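User: I am new to this structure and would like a short tour. Please show it, and then I will ask about its parts.

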Amino acid sequence: MIIFLKGWSSKGLRCPDMQITLPSYKTQNSVSLIQMPNGTGKTTIIELIEACLTGSSFTREKVIALKGQTNDSAIGEFALHIYAAPYFGRSERNISIIIKFNFDEGIGTYYTIRDTSTGQELGWQPPSDLRALLSPRCIEVFVFKGDKVESLLDKTRDDAEQAIKAFFGISKVSELVEKINSSAIFDVQGPKTDKGVTQQQNVLKKWLLQKQSMEGEKSRLESELLQADRDYEEIKDRAEKIRAGEKDARDKLAELESKIQATQLEILATSEKTLRVYKNPLSLSPRLTSKVETLRSNLDQLKLPGTSRTFFLELIEKSPVCICDRPMNDVAKGAIKSKSDSYLGDEHISVVNGIKEAIQTFSTPTHEADEYFLPLRELRSKLGDLKQLEASRDVLVQLNISQASEQDQQVMLTFEECVKKRTKIEGQIDEISQPLSDESLSAIASRNADEIRSLDAIDKVIRSLTEKIAETTKTVDNFKRKELLQECLKKASKAALQRISEVVCERANRKLNDIFPSGTLIEIKSIGKHIQLGFRDRSQAKGSGAQNVAVAYSFASTLLSQSGMKFPLIVDHPMTAVEVGAREVLGRVLPSVCNQIVGFVIDTEKEGFFDALAQSGFALDTLTIFRNIPGNQHHKDKLSNSERAKVGQIGSEAIVSFDPEFFRNFKSKDSVLLGSKQNV
Amino acid sequence: MTLHEQFESALKDATEEFGLGKNYSAILSLVEKYISDEMPQAQFNSQLKNLIDSIETRS
């Protein structure tokens, strides 16, 4: 496909409003030189051409900075026009990429006309067959400024390699390698390497070993349980018999204890009764009773002092003489009266009567003589019973102890151990056979295998791990394939880059041979990250200014032509670094090595180059663009009549001349001043 | 041989070297479509998956 820069237009921007169509835009090996004095907006135009080719976005500040000083409106526009020549049956196309600026909002919006038959579409949408070369790296190759020449030769940079990669799609292959990495099909959790699988397999091994161990243990426990059951059955009858005997003894002992307790209570009751009987001492002896009766009889006969006193008192009152026959005078009366007080009164008589009454009461017998001894005999009998019962109990206890033979004790001990052993084994088997709910699986799986004894849990963990390993193995396998594919692509890219670099080197040198005079001892020795110059065994970092430019042009044009597409070479200051003599050489041959050269120059670059181009026989467009301001009146005055007639049509901001003579003779104010200074 | 053919040749050699000779056409197709920006993401994933599945890794 052959692509030409057809022209551009600008409105409301820092560069003057203009509409440019390059006259030779359909001609191969043509050169279009655009002469613009400093301050005319050359840099702005080149930047906007680059933007249209890459579709890069604009910052608000950048948009605002692009606004023309005389633009009172909020909008501006730049359009790049490209011409695609017919190829492989496709008809020619006129493609336009337009940027519409809104200075108030600070935005630049792209529109695309992919063909004149299609309308204007929103967005940067160049045709797909063109898009592959419209990457920033490619654009750097065919829209380059003077410094690009140096950067291609700079061994600290990789501009040459990046340019080749961009032009031949190798950058895209590298991008593809990365994109494969980030593809959703590899967006999976878990291990992605053999190491990860090995780790999982090691974990699985532990669980399998634990399963084996638990199955062995279960089998052993079941055998032990069988043996324990047999032991149990064997000893059970004997143990039960022993237990039954022990029960009889225990029952008898309990009966004796009960009788002992009852007898003790009866003894207590009999003791109280006996004591009550023996509280009456008269009951103990009939002789004592007789004696007391005698005492009572004597007391009955007793003249008590109380009676005597009354006697004395009656004597005083009634008798004229004392009992001693002495007259009862006052002295005698007084003496008798005072002595009577020393005899017993009535209260003393009551005491004596009380004694007599008591003797009467207690001396009367209530029981027959034999009856007095009954309680005591009863008590003695009960005590005898108690002693016998206690002796029987002691004998029984002693007998029971002595009867529990060592053999029986051993039987019971063995029986108890047997029961305990069975219970323990059953518990252990239950633990191993215990089922596991699915909910606990993740918790179990995170623990050490040797901590888990449930075979069901172990089986579930093993199943889960096996599934995971299968998934991981598949993932790892896919990752291996992916890595293999990536390595293959990298290897292919590297090999392709090397082969392409060698071909570019060889073909660029062919172009250099056409440019350089015969016998020039410089060529491109190799193209790696940078272009290495030299000749045969000798290497050199740089050539002369013209040689460097020639190398850059050869390299760029080779890339452009060999990529399968022919692109224009758009150069800012193409001859700045080249001395006049070399310009003549380059001017004669450069068109032959490039499809189309569009060079933005200032008047000082023309010397040597312009004349050589004009004499080369290749199509040459010469455009001179300057601002339509009073200060440029002297330029306007030099326009030919025919050119002057077009001024009004072109626009009020810029004057565009296509006249080669005007181009040749045009000198900007800067260069005039510079020339004056140099003359001084 | 064009420069584009150089890449194809390099890829051919690389696929042979990595044991992916059978997959050469599928790999080249993926690369060409990717470079031409003609492939939507879903199609890319699908084509890549088919390619990965078809690759036989060396034991």
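User: How many bridges join strand β4 (residues 75-84) of chain A to strand β5 (residues 93-102) of chain A?

Analyst: This is a predicted model, in which local features need pLDDT of at least 70, side-chain atom pairs count only at pLDDT 80 or more, and totals for chains, interfaces and linings use all residues. Residues are numbered from 1 along each chain as its sequence is written, with chains lettered from A and ligands numbered from 1 in the order in which they are written. Strands (E, at least two residues) and helices (H or I, at least four) are DSSP runs, numbered from the N terminus, and two strands pair if DSSP finds at least two bridges between them. β4(A) and β5(A) run antiparallel, with A:Y83 opposite A:N94, and the number of bridges joining them is ten.

User: Which residue takes a positive phi in the hairpin of β5(A) and β6(A)?

Analyst: β5(A) pairs with strand β6 (residues 107-113) of chain A in the antiparallel sense, over seven bridges. Within that pairing, A:I98 has A:Y111 as its bridge partner. Four residues lie between the strands of the hairpin. The one with a positive phi, near 70 degrees, is A:G106.

User: Why is strand β14 (residues 620-627) of chain A described as largely enclosed by the rest of the structure?

Analyst: A residue is buried if 20 or more other C-beta atoms lie within 10 Å of its own, exposed if 12 or fewer, and partly exposed in between, with C-beta atoms placed from the backbone. Strand β14(A) is largely enclosed because, of its eight residues, the number buried is seven.

User: In which sense does β14(A) pair with strand β3 (residues 30-35) of chain A, parallel or antiparallel?

Analyst: β14(A) also pairs with strand β15 (residues 654-657) of chain A, antiparallel over four bridges. There A:F626 stands opposite A:I655. With β3(A), five bridges are found, and A:V31 stands opposite A:L620. The sense of the β3(A) pairing is parallel.

User: What is the bridge partner of A:L533 in β11(A)?

Analyst: Strand β10 (residues 531-535) of chain A runs antiparallel to β11(A), and three bridges join them. In β11(A), the partner of A:L533 is A:Q540.

User: Where is the kink in helix α8 (residues 194-277) of chain A centred?

Analyst: The bend at a residue is the angle between axes fitted to the seven residues ending there and the seven starting there. In α8(A) the kink is about 40 degrees.

User: Which residues of α8(A) are buried?

Analyst: What covers them includes α14 (406-433) and α16 (455-515) of chain A. The buried residues are A:V197, A:W207, A:Q210, A:M214 and A:A228.

User: Which element of chain B gives the most to the side that touches chain A?

Analyst: Two residues are in contact if their C-beta atoms, placed from the backbone, lie within 7 Å. The contact takes 26 residues from chain B and 31 residues from chain A. α1 (3-17), α2 (24-35) and α3 (41-54) of chain B each supply at least two residues of the chain B side. With ten residues, the element that gives the most is α1(B).

User: Is B:G21 buried or exposed?

Analyst: B:G21 sits in the loop between α1 and α2 of chain B. Leaving aside neighbours within four places in sequence, B:G21 is in contact with B:T15 and B:E16. Because B:G21 has 12 C-beta neighbours inside 10 Å, it counts as exposed.
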